[in-house]
Amino acid sequence: MTTRTAVAERITAIDSAVATSACAVSLRRVTKPYGERTAVRELNLDIASGEFFSLLGPSGCGKTTTLRMVGGFVDPSYGEVSLHGKDVTDLPPNRRDVNTVFQSYALFDHLSVWENVAFGLRRRGVGKTETTRRVGEMLELVQLTGRDKDKPSALSGGQRQRVALARALVNRPSVLLLDEPLAALDLKLRKAMQVELKRIQREVGITFVFVTHDQDEALTMSDRIAVMSEGKVHQCGTPEDIYERPATRFVAEFIGTANLMSGSYTGTGIELPGGVPLYTGRLDGCSIGDEVAIAVRPEKMWLSDLTPEMVQTDGILKATVYGGATTTYLFEIAPGVEVSVLEQNLHSARTEERWADGERVRIGWHAKHSLAPLT
Amino acid sequence: MLIPLITPEIVTGVASLMLFKGVGLQPSLTTLMLAQTTFSISYVTVILRARVAELNPEVEQAAMDLGANRFQALRLVTLPVMWPAIMSAAILIFTIVFDDFVLAFFTSGVDPQPLSVRIYSAIRFGIQPSINAVGTLMLVGSLVLIAIALLIPRLFGRRGNSFDLFGG
């Protein structure tokens, strides 16, 4: 409960920071076409100071282009990029107070780990003692003390990643940009580095702008997430907002699994294909005859302990998938409309005691868990 | 850029000679150097372009991200990585130019005379022992240089080169 309160407080703090325009990064109507396609169009984004902010979306959605415009490697065709209220749209990368962790790490292979980390400080003319101290501190922070004389080629993937991180952080930028920094690591190492990155971010208190296509990564690490597709931000909010209250159909389907049910609105519910009625109750903002879609997360659908106030429907069991901690049931509720229901195996796997394929089963969910109506 | 590679050398030679005559340049060390440089650039292009294509553009961007300007990024990051390729290109070009006769014959003056042209002139009056000696030395020297040129990328390229001529 305390962590929830802390998170809530933090979010409130972030919201008020955004409101008072103390934004670390602010993009105004930024547009960048690439050939025929527009990589980023009319993008507005405000990122608060100290925030762990993720740009999430499928490949080609413009998230990396957006990050590179903040870093100064790509010039927007029009629009304005500002850092801490200062317009930096026309400044080259070396004159912006941001640093980047590249997807390929882009380490200098001809220099040692120590020289890699010291590179930025030397360019900025930081004194010798100061450099030694800060590089030492940074190598300690990323747990690479003792590897300072090694060449990057002698390090493992995770270590190289940490050198890239240290090399950027040692300059104490006001904003750190991370371009899918964990994409090249295997699953276990990636999980460990997620925790590690979050710890480092909390320790140094620098604004992180993190680009990823991995929704789990974005949900677990971020204070706020912007979900992007085709150069536009579909929704910007806390991980919980985005998962529980997706603003668009794209967001609902891209983040997690969503059982999408669409049909024409009847005033009391939706008529699914084949004339199957689904009594969802009134849907705000819909008039009779509208094509509407609602979505329900698999874990929000129940197969037992149903209560009368729940939205209920019958489904034919098509498949049962046992997954260790959970079991997923696949039902057909109307011709061509399939939903999956996730049950936790709280006591033991109850697969055998339950239903055989083809059996008719009652499914229910609380109306407040319908993500509706979606466009 | 690559035209000198596919043109017969005698065409390049005669064309250079005519060009120099046309603009009023007497055959001399200057004309020789101009012709040989033009001819060699194509080789350098071929060798270096292959290496440049392998470069990760993010590395130079990283240098700029860390506060280096374009020139510093080139000097501190790109050149050290390119250095082995530049060295092999230089050695290879030296060998080619050193051995070259046709282009040298058309574009050099009387003094200084390239070794190949000088040997050719000497042979016209009969083969002397000194020519044999020079010929052998040239062959061995060329072979050694080519071997070094080929070995450099293997020695330094793979493990990231360890010598940094320009200092950190």
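Visitor: What covers the buried residues of H4(A)?
Guide: In this predicted model, the cover over the buried residues of H4(A) includes helix H3 (113-123) and helix H5 (157-169) of chain A.

Visitor: And which residues of H4(A) are buried?
Guide: Val135(A), Met138(A) and Leu139(A) are the ones to look for, as they are buried in H4(A). They cover an arc of only 100° around the axis, which puts them on the same side of H4(A).

Visitor: Which residues are exposed on the other side of H4(A)?
Guide: There you will find Thr129(A), Glu130(A), Arg133(A) and Glu140(A), which are exposed.

Visitor: What span should H4(A) have, at 1.5 Å a residue?
Guide: Helix H4 of chain A has 14 residues, running over residues 128-141, so at 1.5 Å a residue it should span 20 Å, and this agrees with its end C-alpha atoms, which are 20 Å apart.

Visitor: What about phi at Gln143(A), positive or negative?
Guide: Gln143(A), which follows H4(A), has a positive phi, near 55°.

Visitor: Changing topic, what is the strand order in the open sheet of chain A?
Guide: The open sheet has six strands in the order E6-E7-E8-E3-E9-E10 (chain A), and the pairing is mixed. Its edge strands, each pairing on one side only, are strand E6 (98-101) and strand E10 (232-237) of chain A. On average, and with direction ignored, neighbouring strands of this sheet are turned by 20° against each other.

Visitor: In which sense do E6(A) and E7(A) pair?
Guide: E6(A) and strand E7 (residues 175-179) of chain A pair in the parallel sense, over four bridges.

Visitor: How many residues of chain B are in contact with chain A?
Guide: On the chain B side there are 20 residues, in contact with 23 residues of chain A. The elements of chain B that give two or more residues to this side are helix H4 (57-65) and helix H5 (70-99), and H4(B) gives the most, with six residues.

Visitor: What classes of residue make up that side of chain B?
Guide: By class, the side of chain B that touches chain A has eight nonpolar, eight polar and four charged residues.

Note on methods
Residues are numbered from 1 along each chain as its sequence is written. Chains are lettered from A and ligands numbered from 1 in the order in which they are written. This is a predicted model: local features need pLDDT of at least 70, side-chain atom pairs count only at pLDDT 80 or more; totals for chains, interfaces and linings use all residues. Two residues are in contact if their C-beta atoms, placed from the backbone, lie within 7 Å. Ala, Val, Leu, Ile, Met, Phe, Trp, Tyr, Cys and Pro count as nonpolar, Asp, Glu, Lys and Arg as charged, and the others, Gly among them, as polar. The expected span of a helix is 1.5 Å times one less than its number of residues. A residue is buried if 20 or more other C-beta atoms lie within 10 Å of its own, exposed if 12 or fewer, and partly exposed in between; C-beta atoms are placed from the backbone. The arc is that of the directions from the helix axis to the C-beta atoms. Two strands pair if DSSP finds at least two bridges between them. Axes are lines fitted to C-alpha atoms, for helices over the stretch in contact, and angles run from 0 to 180 degrees between N-to-C directions.
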